[in-house]
Amino acid sequence: MHTPCAAVAGIGFMGPTHIEALRRMGAHVAGLLDITPESGQQAAQRLGVRRAYATFDELVADPEVDVVHICTPNHLHYPMARAALQAGKHVICEKPLATNSRESATLVELARESGRVAAVNYNLRYYPLCHQARAMVQAGEIGPPRLIHGGYLQDWLFLPSDWNWRLDPALGGELRAVADIGTHWLDMVTWLTGLKVSAVMADLATFIPTRLKPRREADTFAGKIERAEDVEEIAVHTEDCAAVLLAFDNGARGVMLVSQISAGRKNHFWWELNGAQASLSWDQERPNELWIGHRERPNELLLKDPALMDPAVRPVAGYPGGHAEGYPDTFLQLQKSVYSYIAAGDFSRPPTFPTFADGHHGTVLCEAILRSAREQRWIDVSTT
Ligand code: SOE
């Protein structure tokens, strides 16, 4: 079977992470594209990639490339995904799929017409114990979910001197914390439970209204290790944090809290499901432990071990029990799922990975959350 060949656009935090996973999978990376041809050349040398494209047109015109990975700032997701599909390439796009639902709906349609594979990098699904939790929910082990809660807290934008392109709505979109990390959480809980969000009631807050922007580009999470001296003051209007009440289509209720300014919380993504028979809970900062809560017998803590997992989801665990797996492994597992689907060539099979349709649900939810916060009322979610 021919292993599809990749090209990666965007060499910030995500691009090199995608490349590392591609290499572990044994896929060839034909080339990469960065902000300028010069920084692209440097990145290609640093990462051992043969070719640096000067433009995205050049990337999609490369006949060697089967799959285009889009790891750029959010505003480029739509034009790049569209151009890649139109050039007949398969696409793996970072989240959020687009900065509005008009564009994400167009991408869903384009993906369908093109017959190409179009995936969104909701990589967090691929922690082995999240797959295990989903299998347990599907098997009815916790009963119908009643309460679905948790959140995603970080501190990399805690200081007024922390800057990143996500703070600029022209690059990141009108929503920040919700689009960047809330979309992961919403995707996770809807995927885990198979439920849809039917209505939202949101409160958004910006605690740091003015920030210091370095005159040169700052990487994601870079604020922890370097400080720029040459800065300008910028007014910030996107949310540092959000609290969202959720109603689900089976009657379940939920709460999501997201923040990029919670000191000490680095990448604290957690969820809890309280069902009619039992509960499940998981935390990305302890990803190899799944808590199983009971009323009438002692609670359990399942340590990641493929031998103890549902046989259908065992392949998502790359190592035996007691061998910890983490964030980079989730990229590998998502890419394995997409690349093996492409290599098998039967695109009528149901996809095993997050698709553009899932990415579109994410942008629809973001818009409902923004509208709810502005109008200070519950908003019904249309998923059309
Ligand atoms: C920054 O908030 C970020 O890199 C997100 O963009 C990723 O999706 C998340 O998994 C980690 O944090």
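The ligand sits in the largest pocket. A molecule counts as sitting in a pocket if more than half of its atoms lie within 2 Å of the pocket's grid points. The pocket itself is an open set of points on a 1 Å grid over the protein atoms alone, with protein on both sides within 12 Å along at least five of seven lines. Keep in mind that this is a predicted model, where local features need pLDDT of at least 70, side-chain atom pairs count only at pLDDT 80 or more, and totals for chains, interfaces and linings use all residues. Residues are numbered from 1 along each chain as its sequence is written, and side-chain values use heavy atoms, with hydrogens and water left out.

**Around the ligand**

- The ligand is surrounded by 13 residues, each with a heavy atom within 4 Å of it. Lys-95, Gln-154, Arg-166, Asp-180 and His-184 are the closest.
- By type, that shell splits into six nonpolar, four polar and three charged residues. Here Ala, Val, Leu, Ile, Met, Phe, Trp, Tyr, Cys and Pro count as nonpolar, Asp, Glu, Lys and Arg as charged, and the others, Gly among them, as polar.
- Helix 8 (residues 177-193) supplies the largest share of the shell, three residues. Helices (H or I, at least four residues) and strands (E, at least two) are DSSP runs, numbered from the N terminus.
- Which distances go with the polar side chains facing ligand oxygens? Asp-180 has a side-chain N or O atom 2.5 Å from a ligand oxygen, His-184 places a polar side-chain atom 2.8 Å from one, and for Trp-156 the figure is 3.4 Å.
- On its own the ligand exposes 310 Å², and the protein buries 98% of that. Those areas come from the Shrake-Rupley method with a 1.4 Å probe.

- Most residues other than glycine have a negative phi, and most peptide bonds are trans.
- The peptide bond from Lys-95 to Pro-96 is cis, with omega near -10°. Pro-96 belongs to the loop between strand 5 (90-93) and helix 5 (101-114), and Lys-95 is one of the residues closest to the ligand.
- Gln-376 is not a glycine, yet its phi is positive, about 50°. You'll find Gln-376 in the loop between helix 10 (356-375) and strand 17 (379-380). Its relative accessibility is 66%, so Gln-376 counts as exposed (exposed is over 50% relative accessible area, buried under 20%, partly exposed in between, with a 1.4 Å probe and protein chains only).

**Buried spots**

- Helix 4 (residues 77-86) has His-77, Tyr-78, Met-80, Ala-81, Ala-84 and Leu-85 as its buried residues.
- Asp-329 is part of helix 9 (residues 327-344). Why is Asp-329 called buried? Because its relative accessible area is 12%.
- The side chains of Asp-329 and Arg-24 make a polar contact of 2.9 Å. Such a contact is a pair of N or O atoms within 3.5 Å; within protein, one must be able to donate a hydrogen and the other to accept it, and residues adjacent in sequence count only if both atoms are side-chain atoms.
- Asp-62 is in the loop between helix 3 (56-60) and strand 4 (67-70), and at 5% relative accessibility it counts as buried. Its C-alpha is separated by 8.6 Å from that of Ala-30, 32 residues apart along the chain.
- Ala-21, in helix 1 (residues 14-25), is buried with a relative accessible area of 0%.

Technical notes
1 Å grid on protein atoms, 1.4 Å probe; cavity = no way out; pocket = protein on both sides within 12 Å on 5 of 7 lines; lining within 4 Å.
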